[in-house]
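User: I am new to this structure and would like to go through it step by step. Could you take my questions in turn?

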Amino acid sequence: MADEPLPPDDATRALSHVDADDESLTHLGVVGDTYTILVDGTQTAGRYALIDMLVPAGGGPPPHRHDFEEMFHILEGELRVTLRGESAVATAGQTVNIPALAPHSFVNPTDGPVRMLCLVSPAGLERYFAEFGDPVPTRTSPAPELSEEEIAECMRKAGAKAAEYRIDMIDAYALTAFHTSSQGQRCAHSRVNHGYVVVEPSGGRISMSSSIAKPDLRRRAIISPWGRWNSTESSSDHSKRCMPK
């Protein structure tokens, strides 16, 4: 391979020169986050894609894995990244690389937004987001507020397309059948953990509490199409509070 000559220049490919604040770029609201596609696979012969991500306080997906490399370079704020159960905090100017196939998650643990560049190799993640994201005008535009039905449909689309893009959602939530508890809380049934979770509107996303595996474990989260986790707390009678009428 090393002795083979370089192939000739592909004159059909051109220089890519983009400005993240260019309104003509693809800007997507992904249930709370805003993603701007800077360079997509059509510009790189599928070798990689570059996405500008604006993640609000508490944002970030639950554990998942995928068959492509992923790198984050933090521009503003800080991000807590967990890989195989070990966590590290990346701050502005720092870079983290996530190996393909490794279980991982990340969260914005601060009260302000985090902005980062996400590079994936090979490309494809940008097309996945386009499958269910909502177009927004600019890089800094907030994601649109969604109704319960719209959130459920968005989650359904994301889940249905995950395997096609070589993404495995580990313990992701699949919420159906919204209810109102005896305490007046909005609840939804989770097909994944076969229980009920409390859901509360929060800036276009959903604030969720859920008992996952143990009766005394309560997780509060921000839900995206694949679920969002940001903290845990004890609650022994959580299941009673979440049961629908």
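Analyst: Buried here means under 20% relative accessible area, exposed over 50% and partly exposed in between, with a 1.4 Å probe and protein chains only. The model is predicted, so local features need pLDDT of at least 70, side-chain atom pairs count only at pLDDT 80 or more, and totals for chains, interfaces and linings use all residues. Residues are numbered from 1 along each chain as its sequence is written, and side-chain values use heavy atoms, without hydrogens and water.

User: Which residues in helix 1 are buried?
Analyst: Helices (H or I, at least four residues) and strands (E, at least two) are DSSP runs numbered from the N terminus. In helix 1, which spans residues 125-132, the buried residues are Leu125, Glu126, Tyr128, Phe129 and Phe132. They lie on the same side of helix 1 because they cover an arc of only 160° around the axis, taken from the directions from the helix axis to the C-beta atoms.

User: How are the planes of Tyr128 and Tyr165 classed as a pair?
Analyst: Rings of Phe, Tyr and Trp (its six-membered ring) pair if their centres lie within 6.5 Å, and planes under 30 degrees apart count as stacked, over 60 as edge-to-face and the rest as tilted. By this rule there are six aromatic pairs. The ring centres of Tyr128 and Tyr165 are 5.6 Å apart and their planes stand at 55°, so the pair is tilted.

User: What is the angle between the planes of Phe129 and Phe132?
Analyst: Phe129 and Phe132 are three residues apart in helix 1, which means a separation of about one helical turn. Their rings form an edge-to-face pair, 6.4 Å centre to centre, with the planes at 85°.
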